[in-house]
Amino acid sequence: MNKTTEIEFSQLMNQHKGIIYKVVNSYCQHHNDRQDLAQEILTALWLSIDKYDSEYKFSTWMYRIALNIAISYYRKDSKRQDSPSIN
């Protein structure tokens with residue numbers, strides 16, 4: 001990706017960061033978990049930005065990705081908490 005794409009991506013994230021905060025705060029209670037989830041969401045968005053179809057609203061596309069990542073993260077986290085620890 002070129003520098004222009006990086007700048008545009010950064011601007012879009014600043015413009016729509018409330019979506020990420022909303023999703024992250026809905027799925028995580030602890031500050032560290034929120035940071036981890038936000039990082040996963042941003043990574044997924046960056047990796048899939050080339051697949052965005054401008055025919056659709058960007059915020060909707062971003063929300064769907066954020067929500068899907070959050071659901072997956074929550075499921076993985078729930079499995080970790082449910083499994084007994086081996087001592």
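Mentor: What follows is a set of questions about the terms, each answered by setting a value against its definition.

Mentor: This is a predicted model, in which local features need pLDDT of at least 70 and side-chain atom pairs count only at pLDDT 80 or more, while totals for chains, interfaces and linings use all residues. Residues are numbered from 1 along each chain as its sequence is written, and side-chain values use heavy atoms, with hydrogens and water left out.

Trainee: How many helices and strands are there in the chain?

Mentor: There are four helices and zero strands, and the pattern along the sequence reads α-α-α-α. The elements are DSSP runs numbered from the N terminus, a helix being H or I over at least four residues and a strand being E over at least two.

Trainee: Why is His-16 called buried?

Mentor: Buried means under 20% relative accessible area, exposed means over 50%, and partly exposed lies in between, with a 1.4 Å probe and protein chains only. His-16 has 18% relative accessibility, so it counts as buried. The residue is found in the loop between helix H1 (3-15) and H2. Of the 87 residues of the chain, 30% count as buried.

Trainee: What does His-16 touch, not counting residues up to four places away in sequence?

Mentor: Contact means heavy atoms within 4.5 Å, and on that basis His-16 touches Phe-58, Ser-59 and Met-62. The C-alpha atoms of His-16 and Phe-58 are separated by 9.0 Å, although the two residues are 42 residues apart along the chain.

Trainee: How do you know that Ser-59 is buried?

Mentor: Its relative accessible area is 17%, and therefore Ser-59 is buried. Ser-59 lies in helix H4 and, leaving aside its neighbours within four places in sequence, is in contact with His-16 and Ile-19.

Trainee: What makes the pair of Tyr-27 and Tyr-74 edge-to-face?

Mentor: Rings of Phe, Tyr and Trp (its six-membered ring) pair if their centres lie within 6.5 Å, and planes under 30 degrees apart count as stacked, over 60 as edge-to-face and the rest as tilted. The rings of Tyr-27 and Tyr-74 have centres 6.1 Å apart and planes at 75°, so the pair is edge-to-face. This pair links distant parts of the chain, with Tyr-27 in helix H2 (residues 17-27) and Tyr-74 in helix H4 (residues 58-82), 47 residues apart. Tyr-27 has 29% relative accessibility and so counts as partly exposed, and Tyr-74, at 45%, is likewise partly exposed.

Trainee: Which values describe the aromatic pair of Tyr-52 and Phe-58?

Mentor: The rings of Tyr-52 and Phe-58 lie 5.3 Å centre to centre with 80° between the planes, an edge-to-face pair. Tyr-52 has a relative accessible area of 23% and is therefore partly exposed, whereas Phe-58, at 8% relative accessibility, counts as buried. Ring pairs also link Tyr-52, Phe-58 and Trp-61 into a cluster, and the structure holds five aromatic pairs.

Trainee: Why is H2 called oblique to H3?

Mentor: Two packed helices are described by the angle between their axes and the distance between the axes. Axes are lines fitted to C-alpha atoms, for helices over the stretch in contact, and angles run from 0 to 180 degrees between N-to-C directions. Angles under 35 degrees count as roughly parallel, over 145 as roughly antiparallel, 65 to 115 as roughly perpendicular and the rest as oblique. H2 and helix H3 (residues 31-48) pack at about 135°, with their axes 9 Å apart, and that angle makes H2 oblique to H3. Among the residues that meet there are Ile-20, Val-23 and Tyr-27 in H2, with Leu-37, Ile-41 and Leu-45 in H3.

Trainee: What angle and axis separation describe H1 and H3?

Mentor: H1 and H3 pack at an angle of about 135°, with their axes 11 Å apart, and they are therefore oblique to each other. Thr-5, Glu-6, Phe-9 and Met-13 in H1 meet Leu-42, Leu-45 and Trp-46 in H3.
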